[in-house]
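The sequence and structure follow.

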Amino acid sequence: MKTSWRHRLSRFDQKASPYFYISPFFLVFGLVGLFPLAYTVYVALHDWDLLKGDEGFVGMDNFVEILGDGMFWNSIGNTLSIFLLSAIPQLAVALVIAYLLDRGLRAPTFWRMSILIPFVVTPVAVAIIFSSIFNEADGLANNLLNIIGIADQQWKHDTFLSHLAIAIMVNFRWTGYNALIFLAAMQAIPRDYYEAAMIDGAGRLRRFFSITIPQLRPTIIFVVVTSTIGGLQIFDEPRLYDVYGRGGADQQWLTLTMYIYELGWTQQNFGRAAAVAWLLFLLIVIFAALNLALTQAIASGSAKSAKTPKIQKARTVGSKVGK
């Protein structure tokens with residue numbers, strides 16, 4: 001009887017222990033993740049004032065008002081524009097930097113630490129520095145353009161130029177971080193693939209696109225998804241791009257997160273702010289799914305080419321042994 005009790009306890013311990021070990025994560029995630037998400041839905045369906053609190057159920061009225069607000073659509077356009085100007089060049093440059101670091105440079109630790117320095121700098125410091133660089137009166141950007149004969153540019157009045165300047169800030173901070181993620185994945189690729197490709201006469205460019213890119217498929221998907229989430233939630237850089245923090249004189253760089261801040265803390269309308277937050281969540285899910293599908297399609301299309309060098313190497317070695 002005693003042995004049977006110990007046996008049942010041992011079986012219960014084997015089955016239940018894994019769930020106890022991972023339970024802290026789910027408890028914390030439920031408190032700081034799921035609960036705020038669900039509570040935001042509740043707030044979005046009510047007329048919720050910052051000071052007075054809940055003033056009654058209004059259903060979908062907050063969503064209807066938001067979708068009819070021109071400033072909301074303007075903030076979506078600005079957010080997508082800044083996201084595209086930052087994410088695409090950022091990932092491309094990060095791949096190139098990671099490839100160069102994987103080439104076996106001298107003092108590799110120094111170079112890896114160097115490209116990570118911008119990420120350590122606080123967003124406030126980066127925004128203040130670049131806001132000064134893109135100053136229209138005497139900023140460094142216009143001074144450099146004047147040297148090559150280009151007139152001063154309206155970095156804080158022109159919509160596209162302001163988006164470009166903010167995208168440069170984002171790229172300055174995050175390119176090195178993503179490059180190190182790519183570098184870690186590149187170093188896990190078996191070197192036999194590259195050796196076989198070199199024997200078959202493949203050049204560096206061919207090896208990069210036929211071996212490196214397909215082998216980085218999971219990492220590229222991860223970086224694309226995380227960059228999409230972060231890019232659509234951009235706040236610090238546009239908020240601090242000028243001294244007013246209102247998204248420009250004509251809201252030409254007002255992003256969705258800044259619009260949420262305007263509704264919640266300036267207009268004190270938490271109901272509409274929560275509605276925009278949920279619309280932003282849906283937008284992130286849609287773009288993340290599209291990026292995931294696109295990345296998988298591109299990577300799977302070239303995955304077969306990554307296997308050919310290894311097969312060709314086996315054939316080459318086999319032919320030599322046969323001789």
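## The second largest pocket

The second largest pocket has a volume of about 350 Å³. A pocket here is an open set of points on a 1 Å grid over the protein atoms alone, with protein on both sides within 12 Å along at least five of seven lines, and lining residues have an atom within 4 Å of a point. Grid points are joined across faces, edges and corners, and a volume is the space filled by probe spheres set on the points. The lining comprises 21 residues, of which Val170, Trp174, Ser227, Gly230 and Gly231 are the closest to the pocket centre.

At least two lining residues come from each of helix 3 (70–101), helix 7 (159–186), helix 10 and helix 11 (236–239). Helices are DSSP runs (H or I, at least four residues), numbered from the N terminus. Helix 7 contributes the most to this lining, with 6 residues. By class, the lining holds 10 nonpolar, 8 polar and 3 charged residues; Ala, Val, Leu, Ile, Met, Phe, Trp, Tyr, Cys and Pro count as nonpolar, Asp, Glu, Lys and Arg as charged, and the others, Gly among them, as polar.

## The cavity

The model has 1 cavity of 30 Å³ or more, a cavity being a set of points where a 1.4 Å probe fits but cannot get out.

## Packing of helices 9 and 10

Helix 9 (residues 204–215) packs against helix 10 (residues 217–232) at an angle of about 60 degrees, and their axes lie 5 Å apart. Helix 9 is therefore oblique to helix 10. Axes are lines fitted to C-alpha atoms over the stretch in contact, and angles run from 0 to 180 degrees between N-to-C directions; those under 35 degrees count as roughly parallel, over 145 as roughly antiparallel, 65 to 115 as roughly perpendicular and the rest as oblique.

Ile213, Pro214 and Gln215 of helix 9 meet Arg217, Pro218 and Ile220 of helix 10, where contact means heavy atoms within 4.5 Å. This contact has 4 nonpolar, 1 polar and 1 charged residues.

## Confidence and conventions

The pLDDT, the predictor's confidence in each residue from 0 to 100, averages 85, and 91% of the residues score at least 70. Over residues 313–323 the pLDDT is below 50, and this stretch has 5 contacts beyond near neighbours in sequence. Where pLDDT is low, the predicted coordinates should not be read in detail.

Residues are numbered from 1 along each chain as its sequence is written, and side-chain values use heavy atoms, with hydrogens and water left out. In this predicted model, local features need pLDDT of at least 70 and side-chain atom pairs count only at pLDDT 80 or more, whereas totals for chains, interfaces and linings use all residues.
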